[in-house]
Amino acid sequence: DGEALTSIARLAKVIGHARPDARALGYLDAVGRAHPEEPAWAVRAARTRLLLGDTAGAEATLAGVLSRAPRQPDALLTSGLLVLGRGRAEAARARALLSAALHAGGDTALARTGLAVLAARDSDLVGAATELRAALAAWRGTFRNAVPLDLLADVLRRLALEGSPAV
């Protein structure tokens, strides 16, 4: 029924921005199935899965979105952040996904934060500082657009301990 679906869609939208909760996945998946032309629902479900630790489920969901919409900014960004978490072995892929997300109009603060992490891991502290400044300049400081503090902390720690005063 259309009215019930609209209510579920409203609830799923709110849930998609709240803290991760496994119960939210049922709503997000239902709306995603009802509206396959709107990849944002599947991306929200993937983010929830990722935040709950289900990286395989998140990756499978994101792969499906990107096969249908290869330039979907939120799917590229979430995929990039997922791959970023795997460390140096996947650095080139993470960099490509985060850069693609940035160019497709994804969240600038998150994409730049991820790129700062990659630069810091490569000991490119000037690049890390440049990306970090761009991330902080783009950050809107809202619940919906929060920069992950753990990622910022990693970059700031490297800059403080290893960077020159000019950086």
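Which residues does aspartate 21 touch, not counting residues up to four places away in sequence? Aspartate 21 touches Thr48 and Leu52. The model is predicted. Its chain has nine helices and zero strands.

**The chain as a whole**

- From the N terminus on, the order of elements is α-α-α-α-α-α-α-α-α.
- The chain has 167 residues, and 38% of them count as buried.
- Take the contacts between residues at least 6 apart in sequence: 53% of these join residues at least 24 apart.
- The accessible surface comes to about 9,000 Å². Carbon and sulfur atoms hold 58% of that surface.

**Helices α7 and α8**

- Helix α7 covers residues 108-121, and helix α8 covers residues 125-138.
- The two pack at an angle of about 165°, with their axes 8 Å apart.
- Angles over 145 degrees count as roughly antiparallel, so α7 and α8 are roughly antiparallel to each other.
- Their crossing is left-handed.
- On the α7 side, the contact uses Thr108, Ala109, Arg112, Thr113, Leu115, Ala116, Ala119 and Ala120.
- On the α8 side, the partners are Leu125, Gly127, Ala128, Glu131, Leu132, Ala134, Ala135 and Ala138.
- By class, the contact of α7 with α8 has eleven nonpolar, three polar and two charged residues.

- Glutamate 131 sits in helix α8.
- Is glutamate 131 buried or exposed? Its relative accessible area is 18%. Buried means under 20%, so glutamate 131 is buried.
- Glutamate 131 touches Arg112, Leu115 and Ala116, leaving aside residues up to four places away in sequence.
- Arg112, Leu115 and Ala116 are among the α7 residues that meet α8.

**Helices α5 and α7**

- Helix α5 spans residues 73-84.
- α5 and α7 pack at an angle of about 25°, and their axes lie 10 Å apart.
- Angles under 35 degrees count as roughly parallel, so α5 and α7 are roughly parallel to each other.
- The crossing of α5 and α7 is left-handed.
- From α5, the contact takes Leu77, Leu81 and Leu84. From α7, it takes Leu110, Ala111, Gly114, Val117, Leu118 and Arg121.
- By class, the contact of α5 with α7 has seven nonpolar, one polar and one charged residues.

**Helices α8 and α9**

- α8 and α9 pack at an angle of about 135°, with their axes 10 Å apart.
- α8 passes α9 in a left-handed crossing.
- Leu125, Ala128, Ala129, Leu132 and Leu136 of α8 meet Leu152, Val155, Leu156, Arg158, Leu159 and Glu162 of α9.
- By class, the contact of α8 with α9 has nine nonpolar, no polar and two charged residues.
- Leu125, Ala128 and Leu132 are also among the α8 residues that meet α7.

**Residues in the loops**

- Aspartate 21 lies in the loop between α1 (2-17) and α2 (24-34).
- Aspartate 21 is partly exposed, with a relative accessible area of 25%.
- Aspartate 21 and leucine 52 are 31 residues apart in sequence. Their C-alpha atoms are 7.4 Å apart in space.
- Glycine 105 is in the loop between α6 (91-103) and α7.
- Glycine 105 has a relative accessible area of 55%. Exposed means over 50%, so glycine 105 is exposed.
- Glycine 105 and proline 73 are 32 residues apart in sequence, yet 5.9 Å apart in space, C-alpha to C-alpha.
- Serine 123 is placed in the loop between α7 and α8.
- Serine 123 has a positive phi of about 60°, although it is not a glycine.
- At 48% relative accessibility, serine 123 counts as partly exposed.

- Where is serine 164 found? Serine 164 is in the segment after α9 (149-162).
- Serine 164 counts as partly exposed, at 39% relative accessibility.
- Serine 164 and valine 126 are 38 residues apart along the chain. Their C-alpha atoms are separated by 9.1 Å.

Note on methods:
Residues are numbered from 1 along each chain as its sequence is written. This is a predicted model: local features need pLDDT of at least 70, side-chain atom pairs count only at pLDDT 80 or more; totals for chains, interfaces and linings use all residues. Side-chain values use heavy atoms; hydrogens and water are left out. Helices (H or I, at least four residues) and strands (E, at least two) are DSSP runs, numbered from the N terminus. Buried means under 20% relative accessible area, exposed over 50%, partly exposed in between (1.4 Å probe, protein chains only). Contact means heavy atoms within 4.5 Å. Accessible areas come from the Shrake-Rupley method with a 1.4 Å probe; for residues, only the protein chains shown count as cover. Axes are lines fitted to C-alpha atoms, for helices over the stretch in contact, and angles run from 0 to 180 degrees between N-to-C directions. Angles under 35 degrees count as roughly parallel, over 145 as roughly antiparallel, 65 to 115 as roughly perpendicular and the rest as oblique. A crossing is left-handed if the near helix is turned anticlockwise from the far one by less than a right angle, and right-handed if clockwise. Ala, Val, Leu, Ile, Met, Phe, Trp, Tyr, Cys and Pro count as nonpolar, Asp, Glu, Lys and Arg as charged, and the others, Gly among them, as polar.
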